[in-house]
Amino acid sequence: MSADPLSVDVAIVGAGLAGLTAARRLSARGASVAVLEARDRVGGRMLSWTSPRGDVVDLGAQWIGPTQDRVSALAREFGLHVFPQYSTGAKVLSLGGKISRFTGAIPKLSIFSLLALDRMVRKLDAMVAQVPLDAPYTAKRAAEWDGITVEGWKRTAVRTRAARSVLDVSVRAIFAAEPAELSFLYFLFYLRSGGGLVNLTQIDGGAQQTRLAEGTQALCVRLAAGLGDRVILNAPVNAILQQEDAGSVRSAAGVYRARRMIVAIPPTLAARIAYDPPLPPGCDQLMQRMPMGSVVKCVAFYEHPFWRDDGFSGEAIADTGPVTVTFDDSPEDGGSGALVAFLLGDQAKRWGARPAAERKAAVLDALARFFGPEAREAMAFVELDWVSETWSRGGYAALLPPGVLTSCGATLRAPAGRIHWAGAETARAWNGYMDGAIESGERAADEVLALLG
């Protein structure tokens with residue numbers, strides 16, 4: 001570190017998993033860093049909350065699945081306790097207002113709908129395999145696929161109403177968005193990045209397989225503790241300037257002069273920073289056209305997980321009503337109960353604008369419809385509308401509408417002068433997930449290290 005406390009080798013914007021990973025990797029190689037975080041906490045879209053009984057739940061990123069090796073290794077390194085997501089018992093399916101129960105991975109549908117669903121998954125798997133992870137915009141049919149939405153593809157390729165509804169629910173659950181909001185090419189890339197549609201929607205062997213007893217934010221808290229006063233909170237960045245010999249980052253905590261900068265925040269927030277000189281046109285256009293998904297995450301707490309007594313796993317999926325998907329969110333020992341409910345896409349936008357008491361009542365009514373009237377008797381309730389979060393603007397991750405990948409996708413990870421990009425949206429594998437955030441932080445740090453020399 002130079003004698004000037006505001007002069008560093010690398011200034012990093014954002015103390016989420018990507019920014020902290022980059023800072024740790026750079027510090028380990030002897031580079032001086034400053035991590036500037038707008039919030040009064042670290043973690044970004046990872047936020048853990050402790051209930052009145054002391055149970056920890058995640059209001060943001062929550063699960064770890066197979067092949068997410070980076071985040072699994074970090075949890076092991078920090079001695080955090082990983083335990084399986086509860087999934088024993090019947091699941092609830094609500095399609096068109098009609099409720100049914102099923103076990104296993106396949107819902108109870110008519111034979112025609114099951115055949116249509118199987119055909120749909122096979123078609124998607126075949127197309128997913130044609131999308132390169134490094135450069136999805138170079139796929140042979142990239143222009144065709146990027147020219148339509150998932151909704152457009154569904155209407156021509158999926159034959160039965162039930163199979164279409166299952167796809168709608170899957171898209172909302174994975175992206176916190178509606179099928180009409182997503183480029184079909186981006187959809188295929190995201191499935192490739194996370195191992196396919198089935199993998200992204202499953203618990204056992206899938207993306208929702210395990211949880212952290214301490215909550216996922218503990219990963220960022222431990223990373224930040226190792227960095228000490230290199231992490232500066234309450235320091236939103238408003239401008240990044242690049243000169244011939246260095247750059248400077250202007251924040252509420254002061255101006256930091258740096259040889260290189262890493263921006264590790266969602267693109268929609270990065271677009272709100274003033275850049276001098278301006279970013280390359282393609283990069284600027286990309287950030288302007290990557291809105292966040294819409295999600296309100298709610299957790300209801302109970303004296304015990306009563307749904308287990310009735311043979312339910314706590315999982316529910318619905319194509320109507322405020323709640324799209326639920327899971328058992330109880331602690332590992334089952335000593336108390338919790339259900340997590342997601343309001344997604346259009347439902348999150350609609351219900352996020354209503355009074356909190358009205359929203360809570362609607363969520364508990366939906367849980368009662370799935371699991372019985374006892375669900376209305378929650379002893380505690382917590383929610384977080386990520387769209388209203390100033391320093392997130394939504395969740396789980398950024399979305400790509402039609403036409404963006406093929407016109408601007410090549411700029412997603414390309415450095416802009418001294419500025420490098422990180423964040424889950426820039427990951428190749430597990431794009432949008434914690435594991436992808438770590439990958440992106442490592443990549444950005446390695447780019448910088450190669451240039452620092």
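Student: What does arginine 354 count as, going by its relative accessibility?

Tutor: Arginine 354 counts as partly exposed, at 31% relative accessibility, where partly exposed lies between buried, under 20% relative accessible area, and exposed, over 50% (1.4 Å probe, protein chains only). This is a predicted model, in which local features need pLDDT of at least 70 and side-chain atom pairs count only at pLDDT 80 or more, while totals for chains, interfaces and linings use all residues. Residues are numbered from 1 along each chain as its sequence is written, and side-chain values use heavy atoms, with hydrogens and water left out.

Student: And what does arginine 354 form a salt bridge with?

Tutor: Its partner is glutamate 358, with the closest N and O atoms 3.5 Å apart; a salt bridge here is a side-chain nitrogen of Lys or Arg within 4 Å of a carboxyl oxygen of Asp or Glu. Glutamate 358 is partly exposed as well, with a relative accessible area of 37%.

Student: How many salt bridges does the structure hold?

Tutor: There are 25 salt bridges. One of them joins the side chains of glutamate 442 and arginine 70, at 2.9 Å from N to O. Glutamate 442 lies in helix 16 (residues 434–452) and arginine 70 in helix 2 (residues 69–77), so this pair ties together parts that are 372 residues apart in sequence. Helices (H or I, at least four residues) and strands (E, at least two) are DSSP runs, numbered from the N terminus.

Student: Which residues are linked with Arg70 and Glu442 in a network of salt bridges?

Tutor: The network also takes in Arg25 and Asp446.

Student: What about lysine 349, which residue does it pair with?

Tutor: Lysine 349 forms a salt bridge with glutamate 181, and their closest N and O atoms are 3.1 Å apart. That pair links distant parts of the chain, since lysine 349 sits in helix 13 (residues 346–352) and glutamate 181 in the loop between helix 6 and helix 7, 168 residues apart. Lysine 349 is partly exposed at a relative accessible area of 40%, and glutamate 181 is partly exposed at 25%.

Student: Switching to serine 294, is it buried or exposed?

Tutor: Serine 294 is buried, with a relative accessible area of 7%, and lies in the loop between helix 11 (281–288) and strand 14 (295–302). Leaving out residues up to four places away in sequence, serine 294 touches several residues, among them Ala176, Leu343, Lys349 and Gly395, where contact means heavy atoms within 4.5 Å.

Student: Okay, now the inside: how many residues has the largest nonpolar core?

Tutor: The largest nonpolar core has 51 residues, and those with the most contacts inside it include Met120, Trp153, Phe184 and Leu188; such a core is a set of buried Ala, Val, Leu, Ile, Met, Phe, Trp, Tyr and Cys residues joined through side-chain atoms within 4.5 Å. Helix 7 gives the most to this core, with eight residues. Apart from it lies another core, of 40 residues, including Leu20 and Ala444.

Student: What does phenylalanine 184 touch, not counting residues up to four places away in sequence?

Tutor: Phenylalanine 184 touches Leu124, Met127, Trp145, Ile148, Thr149, Val150 and Trp153.

Student: How many cavities of 30 Å³ or more does the structure hold?

Tutor: There are two cavities of 30 Å³ or more. On a 1 Å grid over the protein atoms alone, a cavity is a set of points where a 1.4 Å probe fits but cannot get out, and a pocket is an open set with protein on both sides within 12 Å along at least five of seven lines, while lining residues have an atom within 4 Å of a point. Grid points are joined across faces, edges and corners, and a volume is the space filled by probe spheres set on the points.

Student: How much space lies in the largest cavity, and which classes line it?

Tutor: The largest cavity has about 110 Å³ of space, and its lining has 11 nonpolar, two polar and no charged residues (Ala, Val, Leu, Ile, Met, Phe, Trp, Tyr, Cys and Pro count as nonpolar, Asp, Glu, Lys and Arg as charged, and the others, Gly among them, as polar). Helix 11 supplies the largest share of that lining, three residues.

Student: And how does the lining of the second largest pocket divide by class?

Tutor: That lining has four nonpolar, four polar and four charged residues, and the second largest pocket holds about 210 Å³ of space.
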